[in-house]
Amino acid sequence: MKQSYFITGTDTNVGKTWATLTLMAYFKKQNLSVVGMKPVASGCEKISGEWRNSDALAIQKMGSEFVDYSLLNPFAYELPISPHLAGKKNPVDLETVFTNFQTLQNLADVLIVEGAGGWYAPLNENETIADLAKKLNVPIILVVSIKLGCINHTLLTTEAIKNAGLNCIGWIAVCNDEMFDCVDLTIESLVARLKIPLLGILPYSKTANFEFFAQQIQFD
Ligand SMILES: Nc1ncnc2c1ncn2[C@@H]1O[C@H](COP(=O)(O)OP(=O)(O)OP(=O)(O)O)[C@@H](O)[C@H]1O
Ligand SMILES: [Mg+2]
């Protein structure tokens, strides 16, 4: 049975890439073949004449199967700004994303797609991450950075996902704010308010050990 998941977050910089790489490591450990996708990426550098994004490169590297870069990241923008601004000359086209998504689905047992920014991040003049997720129509996993304000952002995002008619199957807590000293109570408060299961907590860690992080995931 093929599985695909769309990874969104409460904001930009909340740990979506680390959670994506963790889930890829988790599924590889289950002896499943895994590929990932970062369809829209802002903030790229030129490598051998081509725009490359660090999230997309990490996702390419974590895959158990080789995937051509342009397939997993069709919209790679130089500037680290919102895609609707960065991509004015070459705006995101959801049909292209969907075609690549279907090709990638056929390459492995599991496909993990990392969004960009938060749920309503604009991708072009009239579409957002919510529209991309609706187009792919796969289960959503929400990544929450545990910090002040995250309860509000989480409740807003889960409500918006529900209103889109999509299924948020779980959330992942990423403890990437070293200064925040109310981690456990904040996670407890979220668990008490959310109907969706907590799939795992990625503790604060200076080094990215995805084998270790994968052991923190519980996925039924
Ligand atoms: N468990 C963790 N411990 C410490 N730092 C972390 C942890 N997880 C993520 N980070 C750090 O938090 C920052 C954001 O993580 P990440 O790049 O995964 O976020 P993102 O939501 O994918 O961002 P973007 O919107 O740019 O794609 C990075 O600097 C990363 O190194
Ligand atoms: Mg990312």
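**Notes on a predicted chain and its ligand**

Colleague: Which residues are buried in helix α6?

Modeller: Ile129, Ala130, Leu132, Ala133 and Leu136 are the buried ones in α6, which runs over residues 129-136. Keep in mind that this is a predicted model.

Colleague: Where do they sit around the axis?

Modeller: On the same side of α6, because they cover an arc of only 160° around the axis.

Colleague: And what covers that side?

Modeller: The cover for the buried residues of α6 includes the strands β1 (3-9), β7 and β8 (140-145). The helices α5 (94-105) and α7 (150-163) are also included.

Colleague: Which residue follows α6?

Modeller: Asn137 follows α6. Its phi is near 55°, a positive value in a residue other than glycine. Asn137 sits in the loop between α6 and β8.

Colleague: Buried or exposed, that Asn137?

Modeller: Exposed, because Asn137 has 12 C-beta neighbours inside 10 Å, and 12 or fewer is the cut-off for exposed.

Colleague: How far is Ile140 from Ile169?

Modeller: Their C-alpha atoms are separated by 6.0 Å, although Ile140 and Ile169 are 29 residues apart along the chain.

Colleague: Why is Ile140 called buried?

Modeller: Because Ile140 has 25 C-beta neighbours inside 10 Å, and the cut-off for buried is 20 or more.

Colleague: New topic, α2. Which of its residues are buried?

Modeller: Asp55, Ala56, Ile59, Gln60 and Met62, in a helix of residues 54-62. They lie on the same side of α2, because they cover an arc of only 165° around the axis.

Colleague: What do the buried residues of α2 pack against?

Modeller: Two helices, α1 (16-29) and α3 (69-72), are in the list. The strands are β2 (34-37), β3 (40-42), β6 (75-77) and β7 (110-114).

Colleague: What about the nonpolar core? How many residues does the largest one have?

Modeller: The largest nonpolar core has 64 residues. Its largest share, seven residues, comes from α1. In general, nonpolar side chains in soluble globular proteins tend to be buried together.

Colleague: Which residues have the most contacts inside the core?

Modeller: Ile112, Val144, Ile172 and Val174.

Colleague: Take Val174. What does it touch?

Modeller: Not counting residues up to four places away in sequence, Val174 touches Val14, Gly15, Trp18, Ala19, Val143, Val144, Ser145, Ile146 and Leu202. Trp18 is also among the residues that come nearest to ligand 1.

Colleague: Good, the ligand. Which residues come nearest?

Modeller: Thr12, Lys16, Thr17, Trp18 and Asn176, of the 16 residues around ligand 1. The element that gives the most to this shell is α1, with three residues.

Colleague: How many of the shell are nonpolar, polar and charged?

Modeller: Six are nonpolar, eight polar and two charged.

Colleague: Now the loops. Where is Glu125?

Modeller: In the loop between β7 and α6. Glu125 has 9 C-beta neighbours inside 10 Å, so it counts as exposed. Between Glu125 and Val35 the C-alpha separation is 29 Å, and the two are 90 residues apart along the chain.

Colleague: And where is Pro91?

Modeller: Pro91 is in the loop between α4 (83-86) and α5. With 15 C-beta neighbours inside 10 Å, Pro91 counts as partly exposed. Pro91 is 8.0 Å from Phe75, C-alpha to C-alpha, at 16 residues apart in sequence.

Colleague: Last one, the whole chain. How many helices and strands?

Modeller: Nine helices and 10 strands. The radius of gyration is 16 Å, close to the 17 Å from the globule rule for 220 residues, so the chain is as compact as a globular protein of that length. The C-alpha trace spans about 45 × 40 × 35 Å along its principal axes.

Colleague: What share of the chain is buried?

Modeller: Buried residues make up 45% of the 220. Also, among contacts between residues at least 6 apart in sequence, 76% join residues at least 24 apart.

Notes: Residues numbered from 1 in each chain as written. Chains lettered and ligands numbered in written order. Predicted model: local features only at pLDDT ≥ 70, side-chain atom pairs only at ≥ 80, totals over all residues. Helix = DSSP H or I, 4+ residues; strand = E, 2+ residues; numbered from the N terminus. Arc of directions from axis to C-beta. Contact = placed C-beta atoms within 7 Å. Near = placed C-beta within 6 Å. Nonpolar A, V, L, I, M, F, W, Y, C, P; charged D, E, K, R; others polar. Rg over C-alpha atoms; globule rule 2.2 N^0.38 Å. Core = buried A, V, L, I, M, F, W, Y, C linked by C-beta atoms within 7 Å.
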